[in-house]
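Work through the exercises below with the sequence and model at hand. Each task is followed by its solution.

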Amino acid sequence: MARTFALAGNPNSGKTTLFNALTGARQHVGNYPGVTVEKKTGVYRMGSREFFLVDLPGTYSMTAYSMEEVVARDYLAMEKPSVVVDIVDASNLARNLYLTLQIIEMGIPVCIALNMVDVAEGRGIRIDIEKLSELLGVPVVPTVARSGKGKRELMDAAAQLAEKTDRISFPPISYGDDIDAALAEMEPLISGKNLLSGHYPARWVALKYLEKDQQIVSVGDAENPELSSELLRIVDRVTLHLSRTLNTDPEAMIADHRHGFIRSLLRQGVLHVENESSRLYLSDRIDQVLINRVAGPVIMAAVVLLLYHVTFALSEIPGQWLESGFAALGSIADARMADGMLKSLVISGIIDGVGGVLEFVPIILFMFVGITILEDSGYLARVAFMLDRVFRVFGLHGSSVMPFIVSGGIAGGCAVPGVMAARTLKSPKERLATLLTVPFMNCGAKLPVFALLIGAFFAAYKAWMMFAVTIISWAGALIVAWVLRHTIIRGEPMPFIMELPPYRLPTVRGVIIHAGERTWQYIRKAGTVILAISILLWALMSFPTLPDHQVEAYQQAGMEAELARAELEHSVAGRIGTTLEPATRLAGFDWRTNIALLGGFAAKEVIISTLGTAYSLGEVDVEEAGGLSTRLASSDDWRPLTAFSLIIFVMFYSPCFVAMVCIAREAGSWKWAFFSMGFNTVLAIVLAVMVFQAGTLLGL
Amino acid sequence: MACINMRQMREKQSGRITAVRASGELGRRIRDMGLVPGTRFTVKGRAPLKDPVALRIAGFTLALRNSEADYIDVEVE
C-alpha cells in the first residue's frame, strides 16, 4: 500500500505551489466531508514507488478556531498519515514554527520543508539547517517550491522517516511551572484510562484541556464523563491560580511559552540576520503606493475596472463561438429531426438550456483567472484591508468586496463565480451574509433586461438610469446584509486579523490549475442541474397542448404568431401566469410578464426571450431586443412606471438556478438556497408593489 | 519609553508588545499570529478610513482592526 504524506503549513508558505510541483497534473480536488473546505489529493512517483499526498488547508495554528484548522487537525488525528510534511517559510521562520511545534506535539512524525530559502537568502537571512533539525528533532530539507528545487530530497527524507518505527519524542518545551505541574498530574490520569487514546497522545489531550479546547473537551465528556470532570477541576484550579498570581490564563500561558521556546531556539545559532534594522523589502515599497490612503483606493478602482474589461473582452469571442456552435447544433437538429414534441424537447429544452449555461463558461474561466492572479499575487488581501471599515458597518467583512464586484457590483458580472469567490471569506457568518446578498448585484444576464426596458421607456436618461440601477442594487444588498446580520445570522463580527502576504508573481501552473478546477466544477455541477431544470421549464411551457381543431383554425387563418400566444396561454406556465396575475397586477405585471419572470427562475436570460414569445413576436433574442422594445413602448399595458417596477423586481428576485446550486454548495445546505429563493422573491414583489403603487398615487 | 494602547499609535511608530489582554477566541487568534509579549513591530500604515491598521512584524505584515488593537498594550520607542 502506498504511504500517505500530509502537507501542512501556514497560508502563503508556498504549500500549494509545492503540492503542484510534486503531483503535477495527477491531483484530485474534492471536499472534506460536510464542509466546503477543499481537499486536494495527489500522487508523487519516485522511481517505482508511489506516495499518496494530501494538501491540508493552510493554517497558522492547530486550535479549533476556523473550519480549516478543525479539518487539518481531524485529518491528522483520524487518518494518521505516515509523515506530515510541514512547509515552513524560511523568510518568516518564527511565526511558521508555531504551527510546526503544535504538529510535533500531536505525536506524528514531521519532516520540515524549509521553503523559499532563496527569498530568505536575498534578504540576508541565514539559517543553520542542521542546528534547527537537531533542536527540533525532525529532518529539515531546504526547498524552492516555485522551481521544484529540493523536492526529491524532501520526498527522500519523508520516505526514510516513514520507515522509522520509533515514535519521535515531544520537543522539550516548558510551559511554566504551574502548567508543567498540571500536565504532570493530568497525563497519568489520561493514559491510565486511555482517554481519546486511539487518536491523540495523552500529553496533547492534557494540553487541550488546559487550553479549554471545546472540541476535545466535548469528545472527552462523551467518552468518560467522570475523568473529564476531574481533568476540568484541575484546569479550573490552575486557571484560578494563574489569574490571581499572574493575571493570565492557561491558554495564553501556553501560547506565550511556545513562542518563547521558538525565540530561544532561533537565538541558539539557528538564525542569522544581516542588517536587520528597518530595511524595506520590495513588498513594503509596493505597499507604500498600493495601500496609500489616497492613491490606494484610486488604484483599487482602476484594477477592478481593468479586471472587468479584460474578462469581458477576452470572453466575448469564445462566448460567441459557443453560441453559434449551439445555434448550429440546433439547426442540425431542426433539419434532421421530424417535427413533433421530441424535436421541440431537443431544441428548446436540451440544446437551448444547456447551451445557455455553457455560454457562460468563458466568462467564468477568465474571471477566475483574473481573481486567481489577484489572490495569488497578494493584492486581494489589500482590497479587503482597505474596504473592511465600510463593509463592517453592514455586518460584512473586507473580504466580501470581491464576491460583490464579481457578481456584478459594477454591472455585468455573474453571481455564480461571485458566490464561489466568497470562499476567500473565512468567517462563517459574514460569508453566509455575503452569499445571500451577492445575487442582488446586476449580473450580465439581468443587464439585457434593464437595457431593453430603459431603452424603451427612459431613452433620454439611459446613463443616469443605469447609474441609478447600480446604486439601488448596492443599497439593497447592503441593507439586506445589515438586516440579516441583525436577525437570522446575528452574531458578533469575527475578528479581522489578516496577514497581508508579500507580493508574489503568480505561477502560470498555479493559475491554470486553480481557475481550471473551479470552472470544471461549474460545468459539471451546474450543467447537470440546469439540464433537468430547462427540460422541466420546456414542459411547463409546452403542455398541455392546444386541441388540434384550434391549432388548425389558427393555421388556416395564417396566424402563426397568435397561435404561439394561444399555445403558451394554454400551457401550465401560461395558467400559472394567469393565476398569479391578480397579485402581480399590484406591481403592474400581466400574465405574460409573469411567464417570463417564471422562466427567469431558471436563468435570467430567459426573461427576454420569453417576453418575446409571450408578446407574440416569435423568437426574439437578446441581440434583437429592439423589436420587443418598440412593441412594449407602444403597448397599452406598459408605461415607464411598469418598466421601473419590473426593473426593481428583476433586480431583487430569486437567484437563477445555477446560482442557487452554488449557494447550496457553498453554504453547505439547500436550506439557504431555498431561503434566498423565497426571501428574495418576497422582497422583490414587496418593493415592486411599493414602487408601482406609490408611483400610481403620484400619477406617474 | 511609554506604555500605550496599540490603537493610539501613529504611523511609522515602532514598539514592543507588553501585554495581550484578550482571552478566548480573539486572544487565541491574536497569539496564533505571533502577537505575544516581547514581539517588536512597526505600524506600517492605516486603511483609508483609519481602520484597520497594518503592522510590520519580523517576517510579515499583519492587519487588524482597532477594536482588536484595543486589547494590546505596547511600549513605544
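**Exercise 1.** How many salt bridges does the rule find across the interface of chain B and chain A?

*Solution.* This is a predicted model: local features need pLDDT of at least 70, side-chain atom pairs count only at pLDDT 80 or more, and totals for chains, interfaces and linings use all residues. Residues are numbered from 1 along each chain as its sequence is written, chains are lettered from A and ligands numbered from 1 in the order in which they are written, and side-chain values use heavy atoms, with hydrogens and water left out. Apply the rule: a side-chain nitrogen of Lys or Arg within 4 Å of a carboxyl oxygen of Asp or Glu. It finds eight salt bridges between the two chains. One of the pairs is Asp388(A) with Arg65(B), whose closest N and O atoms are 2.7 Å apart.

**Exercise 2.** Find the area buried between chain B and chain A.

**Exercise 3.** Which strand of chain A pairs with β5(B)?

*Solution.* Strands are DSSP runs of E, at least two residues, numbered from the N terminus. Pairing requires at least two DSSP bridges between them. Strand β10 (residues 497-500) of chain A meets β5(B) in the antiparallel sense, over four bridges. Within this pairing, Leu62(B) in β5(B) has Glu499(A) opposite.

Technical notes: Buried area = accessible area lost by both parts, 1.4 Å probe.
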